[in-house]
Amino acid sequence: MRHYCYTSLAPDLGDAEFEAIIARAHQRNRALAIGGIVSFRNGVICQILEGPAKNLEVLVPVILADPRHCGVATISDARIPAIGFADFGMVRVSPLDVALRSIAIIDRIGAGRSKSGPAQLDLVLSAPPRSVHLLQSAGAA
Ligand SMILES: Cc1cc2nc3c(=O)[nH]c(=O)nc-3n(C[C@H](O)[C@H](O)[C@H](O)COP(=O)(O)O)c2cc1C
């Protein structure tokens, strides 16, 4: 199994168009036994995909080459023992929270690579909205 997370930019994509892309993606991902989450806010995307490595090998390059977004940066790309997401869909947390969740998942699996203790990882995995507020107040300042 493989875990893959990236962020990208789609400043001109509307919410309705994005939701239509994800509705189709949901069906295709389910057929490929791929789970995960995706967040879209203020033109920023962050998506986690988990599934059989062979299926991700086919799908990830297709997604990354999609002209509806750009500026792709990989956050995590790792082999994992099992999928942590039963399904695939949009989440209402910020893209940053999705990226932090991916980092925490990979940190936990690759024990010893993180300097953060288990309690800190638990905090990140519970997706606290604090980082969203920090982003918004930084933008407003
Ligand atoms: C940000 C973003 C995320 C996407 N995520 C997925 C995905 O998880 N699964 C999927 O099958 N297609 C996803 N797509 C769509 C693919 O890039 C591609 O358009 C699609 O697989 C092609 O199939 P279609 O021509 O039948 O739409 C995504 C596209 C974008 C822009």
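My entries below go through the core, the helices and the ligand.

Before starting: this is a predicted model, where local features need pLDDT of at least 70, side-chain atom pairs count only at pLDDT 80 or more, and totals for chains, interfaces and linings use all residues. Residues are numbered from 1 along each chain as its sequence is written.

**Core.** I looked up the largest nonpolar core, which has 21 residues. Such a core is a set of buried Ala, Val, Leu, Ile, Met, Phe, Trp, Tyr and Cys residues joined through C-beta atoms within 7 Å. Buried means 20 or more other C-beta atoms within 10 Å of a residue's own, with C-beta atoms placed from the backbone. Cys-5, Cys-46 and Ala-99 touch the most other members. Strand 1 (2-9), strand 2 (35-41), strand 3 (44-51) and helix 3 (95-109) each give two or more residues; helices (H or I, at least four residues) and strands (E, at least two) are DSSP runs, numbered from the N terminus.

**Helices.** I checked helix 3 next: its 15 residues reach 21 Å from first C-alpha to last, close to the 21 Å expected at 1.5 Å a residue. The expected span is 1.5 Å times one less than the number of residues. Its buried residues include Pro-95, Ala-99 and Asp-107.

**Ligand.** I found 14 residues around the ligand, the closest being Ala-25, Arg-28, Ile-63, Asp-66 and Arg-68. A residue is near if its C-beta atom, placed from the backbone, lies within 6 Å. Helix 1 brings the largest share of this shell, five residues.

Terms used: A residue is buried if 20 or more other C-beta atoms lie within 10 Å of its own, exposed if 12 or fewer, and partly exposed in between; C-beta atoms are placed from the backbone.
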